[in-house]
Amino acid sequence: MSRHGVLYGAVCVCLMLALVATAAQAQGYSFVTKWGSEGSGDGQFNNPDNVALDASGNVYVSDGWNNRIQKFAPDGSFLAKWGSRGVGDGQFDHPTGVAVDASGNVYVAELRNHRIQKFASDGSFLAKWGSYGVGDGQLNEPIGVAVDASGNVYVVDLVNHRIQKFASGGSFLAKWGSYGVGDGQFKIPSGVAFDASGNVYVADYKNHRIQKFAPR
């Protein structure tokens, strides 16, 4: 299922990029810059999965098959990188989702290590949580992560067909979702995002829909 999870993540990223490109064309946006090529050097990528921005506009990229995070300035200039393949703190086995909170901390969802890692903006390891399973706080191929205005962390728990909510340090807070087609059920949830009111939007990949949830 891991290979499928990677495929789902890649498809979701492609769809998001297509939507951005379509919106840009409709609103008259013009091309600014680009960076990256295939490889393992600084500023190169091997199947980048996701991207996030901090308050200063710095860009964080989950470089999936290079098992690392790369950080760039807004113009694409390389700033930093961290990670290698493995199970230790600061190591990854296919990082997919990446998010940044208001303090600049970076959260990474690891597809095959079934966990979330938290880092300072320079890549220093801060915390981790999650293990393989179906219990509260356990994960099965987490593919996406997002942080709300209060610093709560929402994880797309792909194969468990649910969303899990954690405090910024990793304490389990809530979960919702199960396999199915009903309201609040999912078939391979693949992405999560928020609006200014705290509503949660989930891309429900195999159900071909978006679901919106209000905070309680």
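Trainee: Which residue forms a salt bridge with K175?
Mentor: This is a predicted model, in which local features need pLDDT of at least 70 and side-chain atom pairs count only at pLDDT 80 or more, while totals for chains, interfaces and linings use all residues. Residues are numbered from 1 along each chain as its sequence is written, and side-chain values use heavy atoms, with hydrogens and water left out. A salt bridge here is a side-chain nitrogen of Lys or Arg within 4 Å of a carboxyl oxygen of Asp or Glu, and with its closest N and O atoms 2.6 Å apart, the partner of K175 is D136.

Trainee: How many residues apart are K175 and D136?
Mentor: K175 lies in strand β12 (residues 172-176), whereas D136 lies in the loop between β8 and β9 (142-147); strands are DSSP runs of E, at least two residues long, numbered from the N terminus.

Trainee: Is D136 buried, partly exposed or exposed?
Mentor: Buried means under 20% relative accessible area, exposed over 50%, and partly exposed in between, using a 1.4 Å probe and protein chains only. K175 has a relative accessible area of 42%, and so counts as partly exposed. D136 has 46%, and is therefore partly exposed.

Trainee: Which parts of the chain does the salt bridge between K128 and D89 tie together?
Mentor: The closest N and O atoms of K128 and D89 are 2.7 Å apart. Because the two residues are 39 residues apart in sequence, the pair ties together strand β8 (residues 125-129), which holds K128, and, on the D89 side, the loop between β4 and β5 (95-100).

Trainee: In the salt bridge between D93 and R85, which residue is exposed?
Mentor: The closest N and O atoms of D93 and R85 are 4.0 Å apart. D93 is buried, because its relative accessible area is 16%. At 61%, the exposed residue is R85.

Trainee: Which backbone oxygen does the side chain of R68 reach?
Mentor: R68 lies in strand β3 and is buried, with a relative accessible area of 6%. A polar contact is a pair of N or O atoms within 3.5 Å; within protein, one must be able to donate a hydrogen and the other to accept it, and residues adjacent in sequence count only if both atoms are side-chain atoms. At 2.9 Å, the side chain of R68 reaches the backbone oxygen of S40.

Conventions:
Helix = DSSP H or I, 4+ residues; strand = E, 2+ residues; numbered from the N terminus.
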